[in-house]
Amino acid sequence: MRKIILLVFCCFLFSCASTTGVSNSEREPSKPLNEQEEAYISQVEADGYLMYEKDIRASDATDLLLSKIDPSNHPDFVGWVTYPNKDDFTVSFYERNDDKFAVIADVVYSANEVSVLDLAPSRQPSKMEVSMIKARIAALEKGANSCSDRFNTIVIPSQNDDEWDVYVLAATTNPKLVQVGGHVKVSVSKNSSEVTATMPLSKSCLALDKSGEGLPEGATISALTVSHIVSPMPVAIHPYLNLLHEISLAVASERGIWMISSGNIELM
């Protein structure tokens, strides 16, 4: 029979929870979410899922593009954005000459996630695409930090209709690790491309080992745990990481202890 490592992680969870400034003995039982908090959590879940959907397509599209081109032929490459099409999403890659953007390639996904690569399409990027790629560039300048030498970006609509939310994500090349720390949310004006707000989503560069190496024979990890002290409740990076790595997260914050599984956030 497999042993499920729950006790160790529960102990670690509550030791992490104390870093929020409220000791375990002082922490009151979590009160049910009020209407405003429920709306917040629903939006966090939706944003995390959208980030995941965009990111997995961008990753797949990048692999597809790199199998067909030599990156050295595109020295003015400035990145990519993922945006909705009539069935699913399109990932487009761009280069910039002075202030003008050109499309290197489109990777179009359909409802069944089948991808079609269109190299050097004979079209100009739309106003929305230019706004998104400018937001990506601006956010990278403000959001990159010492947690990594590689950063990915995901651009999603903000709750403010005049802005984009750009998640600048610290990356690791170690497949055993879940990079929890080092991510930053940057809000950027759609019209001016100016950064309006920057929110670090952690206080450290924490990366958690999901491999289970070193555990007793037959044991498995049921969840990874992390303390979250930059906001009272989880943020979109948490359901995103849960979905991306297919492992549950237990998040200890000022508001309580949260379990995140399959992109859903539940107050424990």
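I began with the lining of the largest cavity, to which α2 (35–66), β2 (77–84) and β6 (151–157) each supply at least two residues. I note that the model is a predicted one.

**Entry on the cavity.** I asked how many cavities of 30 Å³ or more the count gives. The count comes to one. I recorded a volume of about 70 Å³ for the largest cavity. I then listed its lining residues, which are K54, D55, A58, W80, V81, T82, T153, I154 and V155.

**Entry on α2.** I checked the length of this helix against expectation. The 32 residues of α2, at 1.5 Å a residue, should span 46 Å, and I found its end C-alpha atoms 47 Å apart, which agrees. I next looked at the N-terminal end of α2 and found that N34 caps it. A side-chain oxygen of N34 lies 3.1 Å from the backbone nitrogen of Q36.

**Entry on the disulfide.** I searched for disulfides, and the count comes to one. Which cysteines form it? C147 and C205 do, with their sulfur atoms 1.9 Å apart. I read -75 degrees about the S-S bond, and the link of C147 and C205 is left-handed. I placed C147 in the loop between α3 (127–143) and β6, and C205 in the loop between β10 (195–200) and β11 (207–209), so the pair ties together parts that are 58 residues apart in sequence.

Definitions and conventions
Residues are numbered from 1 along each chain as its sequence is written. This is a predicted model: local features need pLDDT of at least 70, side-chain atom pairs count only at pLDDT 80 or more; totals for chains, interfaces and linings use all residues. Side-chain values use heavy atoms; hydrogens and water are left out. On a 1 Å grid over the protein atoms alone, a cavity is a set of points where a 1.4 Å probe fits but cannot get out, and a pocket is an open set with protein on both sides within 12 Å along at least five of seven lines; lining residues have an atom within 4 Å of a point. Grid points are joined across faces, edges and corners, and a volume is the space filled by probe spheres set on the points. Helices (H or I, at least four residues) and strands (E, at least two) are DSSP runs, numbered from the N terminus. The expected span of a helix is 1.5 Å times one less than its number of residues. A polar contact is a pair of N or O atoms within 3.5 Å; within protein, one must be able to donate a hydrogen and the other to accept it, and residues adjacent in sequence count only if both atoms are side-chain atoms. A disulfide is a pair of cysteine sulfur atoms within 2.5 Å.
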